[in-house]
Amino acid sequence: MGRAYQNRKESMAKTAAAKTKVYSKYGKEIYVCAKNGGADPDSNLSLRRLIDGAKKDQVPTHVIERAIEKAQGGADENYETARYEGFGPGNCMVIIDCLTDNGKRTFMEVGLCFKKTDSKIGSPGAVAHMFDHLSVFVFDGDDEDTVLEALMMADADANDIEVEDGKVTVFAPANEFYNVKTALTGAFEGIEFDVEEISFVPQTYTAIEGDDVATFEKFMAMLEDCDDVQNVYHNAELPA
C-alpha cells in the first residue's frame, strides 16, 4: 500500500492555472475551518494542519492570512461540505469532497464529469467502505523498527509502517495525526515529510489499462476544473 500511495498523484502546481486552483482550494478550506473552529491555529489543530499543508504546497502567506481575516471579520460566505462517490473509468472507485455555496450546481458539475467519461456516480456510502480514513506520513528512511520504537515511546498509535525504496510510510488513525507527527519530529531531528495529510486510503487498487488510461486522465482533469472540488481520492493504479 505504501508505494502505491506515494505514487498515486502528481503535484497539481505545474501551471499558473493549476497554482490558482491550489490557492483557491486552500483559501476556501482555511476560511471555513477558521470560521467554524476559531482563527487560532494553536487551539484549532485542523486549521494548523491546513496552514502547514498550504505552506508545503507553496501557497503565499497573504492568501492564508486573507482567508483567516475573512473568517475573523465575519464574512457571510457560507459553504457546506458535499461528498460524492462512484465508479470511474476502468471501474476504479472514487470519492470526491467538495465545498460549495450551491449544492445543486456542484452536483450537476460533478455528475457531468462522470457522464462524459462513461462513469457512474453512486449513492452515499457506495465505495467509502472500501477506503480507510487515515493520517499518512511519508519521509526518507529505511529502519521500520526505529520508527515503531519512536511511536511507542510517545504512545502514538499507528496502523501500519512500510519501508520501500528508501521511504518510510506511516499510516495512523485520522485522530492521531498530531500525536504521530509530534512523535516523529521529536525522534528524528530535521525530518522532512514528503506527505503529511489525512486522506482516504484505498484498501485495494484497480489497475487501469488500455483506453481507460486516457479516459481516467480526462475524468481527473474535468474534476480538477470544478471550482467546488477540494479533494479526489481513488484506488486507480496507472501504468508506470
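Predicted model: local features only at pLDDT ≥ 70, side-chain atom pairs only at ≥ 80, totals over all residues.
Let's start with the annotation. An unreviewed UniProt entry places the feature "domain: TACO1/YebC-like second and third" at residues 79-236.

Next, turn to two helices. Two packed helices are described by the angle between their axes and the distance between the axes. Helix α6 covers residues 144-153 and helix α7 covers residues 177-187; their axes come within 9 Å and cross at roughly 120°. That angle makes α6 oblique to α7, because the roughly perpendicular class ends at 115 degrees and the roughly antiparallel one takes angles over 145. The crossing of α6 past α7 is right-handed. Which residues meet there? From α6 come V147, A150 and L151, and they meet V180, A183, L184 and A187 of α7. Sorted by class, the contact of α6 with α7 has 7 nonpolar residues, with no polar and no charged ones.

Finally, have a look at the aromatic rings. The structure holds 9 aromatic pairs, one of them formed by F114 and F219. Their ring centres are 5.1 Å apart and their planes stand at 70°, so the pair is edge-to-face; planes over 60 degrees apart fall in that class. This pair links distant parts of the chain: F114 sits in helix α5 (residues 103-115) and F219 in helix α8 (residues 211-225), 105 residues apart.

Conventions: Residues numbered from 1 in each chain as written. Heavy atoms only, no water. Axes fitted to C-alpha atoms, helices over the stretch in contact; angles between N-to-C directions. Helix = DSSP H or I, 4+ residues; strand = E, 2+ residues; numbered from the N terminus. Parallel < 35°, antiparallel > 145°, perpendicular 65-115°, else oblique. Left-handed = near helix turned anticlockwise from the far one by under 90°. Contact = heavy atoms within 4.5 Å. Nonpolar A, V, L, I, M, F, W, Y, C, P; charged D, E, K, R; others polar. UniProt positions renumbered as here; feature names shortened; annotations may be inferred. Phe/Tyr/Trp six-rings, centres within 6.5 Å; stacked < 30°, edge-to-face > 60°.
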